[in-house]
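Here are my notes on this model. Please read them with the structure open.

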Amino acid sequence: MTESNGAIPSEGTMPDWEKRFRAPRVSLPDWAEDAPHRSLFVSNATGTYELYAWDRETGAQRQVTDRPNGTTDGVLSPDGEWIWWFDDKDGDEFGIWRRQPFAGSGTGSGTGSDTGSGTGSGTDGGAAVADEPAAPGLDASYPAGLALGRDGRTAIVGRSTDEDGSTIYVSRTGEDPVEVYRHRESAGVGDLSYDGSLIAIEHTEHGDAMHSALRVLRMDGSAVAELDDTKGGTVERGLEVLGFAPVGEDTRLLVGHQRRGRWEPMVWDVASGEETDLELTAQLAGDLSAEWYPDGSALLVVNSFEARSELWRFDLATRGLERVRTPKGTVSGATARPDGSVEYLWSSSAEAPVVRSTSGEIVLDPPGMKAPESVAVEDVWVTGPGGRIHALVQRPAGATGPLPTVFDIHGGPTWHDSDSFAAGPAAWVDHGYMVVRVNYRGSTGYGREWTDALKHRVGLIELEDIAAVREWAVSSGSADPDRLILTGGSWGGYLTLLGLGTQPEAWALGIAAVPVADYVTAYHDEMEALKAMDRTLLGGTPEEVPERFEASSPLTYVDAVKAPVYISAGVNDPRCPIRQIDNYVTRLAARDLDHEVYRYDAGHGSLVVDERIKQVRLELDFAERHLGT
């Protein structure tokens with residue numbers, strides 16, 4: 001859906017906040033392991049986020065997909081011959097994998113049937129050819145991981161449905177898919193070994209969707225090894241698959257673990273059972289992730305600490321740790337190339353994302369308008385009921401308080417705000433607002449205990465932290481207590497509606513995007529993987545723990561809401577479904593409370609730039625009309 005209020009303004013008359021959305025940007029390019037000159041990336045160059053193929057030898061780029069609501073889920077096969085992309089219907093996340101040759105074959109359309117409605121697009125001319133189903137014989141589902149074999153014909157496909165729970169299949173070209181795993185609880189594909197003989201999966205058969213265990217299977221589904229840190233202790237600890245060693249018949253698997261209260265990598269030889277601790281705790285603070293260098297001799301370590309990130313190279317033979325220099329800010333993705341260089345996607349709150357290389361050059365720089373800079377973020381630490389809370393603050397340049405203030409609450413909940421470029425908060429700053437983003441309990445990047453604090457009193461815990469930061473903002477003279485906006489998307493939208501009801505005197509306005517509004521109805525309507533997460537967070541189903549669902553549901557407190565409310569929602573959203581939002585809105589309407597609702601034809605947010613700009617414009621207008629800012 002695009003705006004209907006006229007043509008796009010010229011760059012000269014376009015406000016900076018809109019330029020930040022429209023400026024072309026790209027993701028970190030993925031590359032084929034056996035054909036590293038072939039890459040796949042995402043770009044909004046056409047005004048919709050789509051997949052693009054890039055041949056680095058010739059410099060040629062072409063658009064791979066072209067769908068009304070965009071496409072971002074794509075995988076390049078190790079041999080570089082095929083591009084797999086996920087074909088859902090208008091953002092509902094339910095569909096099938098399709099594929100097309102890397103070189104393209106004209107413009108093709110998906111069938112538009114029950115299994116999806118996508119269009120693959122090439123720009124090299126030729127007859128139109130439909131992108132073929134990549135795993136014939138597998139019905140539509142929610143995706144649960146994908147790993148492609150280097151033989152060019154094998155894929156490990158993870159699926160999730162309400163009826164079957166989690167299933168994993170081996171799919172080979174010309175053969176019927178073979179099921180190798182099935183369980184009611186959440187599970188997904190982690191990786192396929194270099195030689196194509198072993199499958200690593202993450203599973204939550206123990207019922208804790210926040211802390212996975214690992215299992216390694218042979219191609220016939222028989223088990224090789226198991227690693228489960230959820231057993232034998234009182235502390236909940238999870239594991240994650242980071243990838244098999246990218247060489248020969250190597251059976252080493254890089255694993256993320258939480259054994260020392262944060263995420264760290266280790267190496268697990270699944271054949272011998274040997275576990276190699278990298279012992280990075282004393283050298284690096286914060287959460288750590290890693291990936292292999294292409295020759296398997298070293299690891300590229302990503303260190304996330306206090307809303308910023310750094311890169312390091314860890315030599316497995318010498319155990320030496322060497323800094324990979326990046327500017328201060330956030331690395332959103334990084335990959336080590338065969339020549340030993342590192343490519344990474346970097347940004348800060350002031351500077352737009354750019355793909356750089358340690359060799360010194362900008363790797364991928366889309367042509368066209370450049371995003372204007374915004375203001376740098378300030379770090380604020382506030383004492384809260386569960387410990388020190390980290391908040392990120394942006395103020396209009398030269399402005400002094402008290403200012404109208406937007407508390408922009410991140411989604412997840414297991415996510416975090418960082419010192420990275422965000423066009424939404426920058427738009428509020430451009431309009432004279434101070435923006436505060438809170439990494440409440442439940443956020444990642446501050447250790448396992450901080451993330452795992454989010455249990456049973458769901459929503460109420462996060463709002464205690466937000467209230468503590470609100471008190472700082474007002475008492476410090478920074479924020480105008482009469483012009484405070486609570487806003488957020490997804491889990492942030494949920495916290496917005498819950499906060500308006502449980503803290504009705506604190507907020508002048510609420511703006512919620514794709515929120516949970518009626519927790520019980522949301523549980524029954526949402527995708528199966530999120531049901532599992534809700535059971536973990538709240539300790540059971542709505543029938544088993546009704547009092548917890550009631551205490552954590554915005555609908556429970558709707559009659560206490562005093563502030564005007566604006567809600568936007570995707571009608572195809574499988575995560576925060578539309579029916580539960582309608583239930584909440586009906587209750588607002590029954591009270592004649594000032595509210596506005598905007599529904600759009602997409603899923604959990606939009607990949608269309610015009611649509612996103614329209615939503616921000618509506619939010620800014622709602623605030624201006626009610627606060628006079």
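**Notes on strands and helices**

1. Strands E15 (residues 187-192) and E16 are joined by 5 bridges and run antiparallel. Asp 191 has Ala 200 in E16 as its bridge partner. The two strands E15 and E16 make a hairpin with 5 residues between them. Gly 196 sits in that turn with a positive phi of about 75°. Keep in mind that this is a predicted model.

2. E16 also pairs with strand E17 (residues 213-218), again in the antiparallel sense, over 6 bridges. Leu 198 stands opposite Arg 218 in E17.

3. Next, the open sheet. It has 8 strands in the order E31-E32-E34-E33-E35-E36-E37-E38, and the pairing is mixed. Strands E31 (378-384) and E38 (595-600) stand at the edges with a single partner strand each, so one side of each has no neighbour in the sheet. On average, neighbouring strands of this sheet are turned by 20° against each other, direction ignored.

4. Within this sheet, E36 (residues 509-513) and E37 (residues 565-570) run parallel and are joined by 4 bridges. Ile 511 has Tyr 566 in E37 as its bridge partner.

5. Which strands does helix H2 touch as it packs on the sheet? H2 (residues 423-430) touches E32 (387-394), E33 (403-409), E34 (434-439), E35 (479-489) and E36. The direction of H2 makes about 145° with that of E34. Helix H5 packs on the sheet too, touching E33, E35, E36 and E37. The direction of H5 makes about 135° with that of E35.

6. H5 (residues 491-502) also meets helix H4 (residues 460-475): their axes come within 10 Å and cross at roughly 75°. That angle makes H4 roughly perpendicular to H5. On the H4 side, the contact involves Leu 460, Glu 462, Leu 463 and Ile 466. On the H5 side, Trp 491, Leu 495, Leu 498, Gly 499 and Thr 502 take part. The contact residues divide into 6 nonpolar, 2 polar and 1 charged.

7. Is helix H7 mostly covered or mostly uncovered? H7 (residues 528-538) is mostly covered, with 8 of its 11 residues buried. Among the buried ones are the charged residues Glu 528, Lys 531, Asp 534 and Arg 535. The cover over the buried residues includes strand E12 (154-161), H5, helix H6 (519-525) and helix H8 (546-552). Just after H7, Gly 539 takes a positive phi of about 85°.

Key
Residues are numbered from 1 along each chain as its sequence is written. This is a predicted model: local features need pLDDT of at least 70, side-chain atom pairs count only at pLDDT 80 or more; totals for chains, interfaces and linings use all residues. Side-chain values use heavy atoms; hydrogens and water are left out. Axes are lines fitted to C-alpha atoms, for helices over the stretch in contact, and angles run from 0 to 180 degrees between N-to-C directions. Angles under 35 degrees count as roughly parallel, over 145 as roughly antiparallel, 65 to 115 as roughly perpendicular and the rest as oblique. Contact means heavy atoms within 4.5 Å. Buried means under 20% relative accessible area, exposed over 50%, partly exposed in between (1.4 Å probe, protein chains only). Two strands pair if DSSP finds at least two bridges between them.
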